[in-house]
Amino acid sequence: MLWSSAFYLVVDLFWLPVIWMRLRIAKLAAQARNGNRPLPSEVHESMRIWLWCGWPAFATVVGALWLMIAKPS
């Protein structure tokens, strides 16, 4: 149970910034669309960071799920 809780804490640490980045990316994309301009480079940089934060969070969720199913002693 302790490891599962620790995994969820790690997930939160990775996903909270991702939520903020996703909202920022959506805002920048809407501004680019409304102004008929290409996406700013900030969008591409944020998407790169979003991807690198997403993989550890996903792997940690899979680890927590494994702990709940396998229940190792």
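Helices (H or I, at least four residues) and strands (E, at least two) are DSSP runs, numbered from the N terminus.

The model is predicted: local features need pLDDT of at least 70, side-chain atom pairs count only at pLDDT 80 or more, and totals for chains, interfaces and linings use all residues. Residues are numbered from 1 along each chain as its sequence is written, and side-chain values use heavy atoms, with hydrogens and water left out.

Burial is judged by relative accessible area: buried means under 20%, exposed over 50%, and partly exposed in between (1.4 Å probe, protein chains only).

| Residue | Relative accessibility | Class |
|---|---|---|
| S46 | 11% | buried |
| W55 | 55% | exposed |
| A64 | 1% | buried |

Contact means heavy atoms within 4.5 Å. Not counting residues up to four places away in sequence, S46 touches M21 and I25. With neighbours within four places likewise left aside, A64 is in contact with S4, F7 and Y8. The C-alpha atoms of A64 and S5 are separated by 8.0 Å, although these residues are 59 apart along the chain.

Rings of Phe, Tyr and Trp (its six-membered ring) pair if their centres lie within 6.5 Å; planes under 30 degrees apart count as stacked, over 60 as edge-to-face and the rest as tilted. The structure holds one aromatic pair. It is formed by W55 and F58 and is edge-to-face, with 6.3 Å centre to centre and 85° between the planes. Because W55 and F58 are three residues apart in helix 2, about one helical turn separates them.
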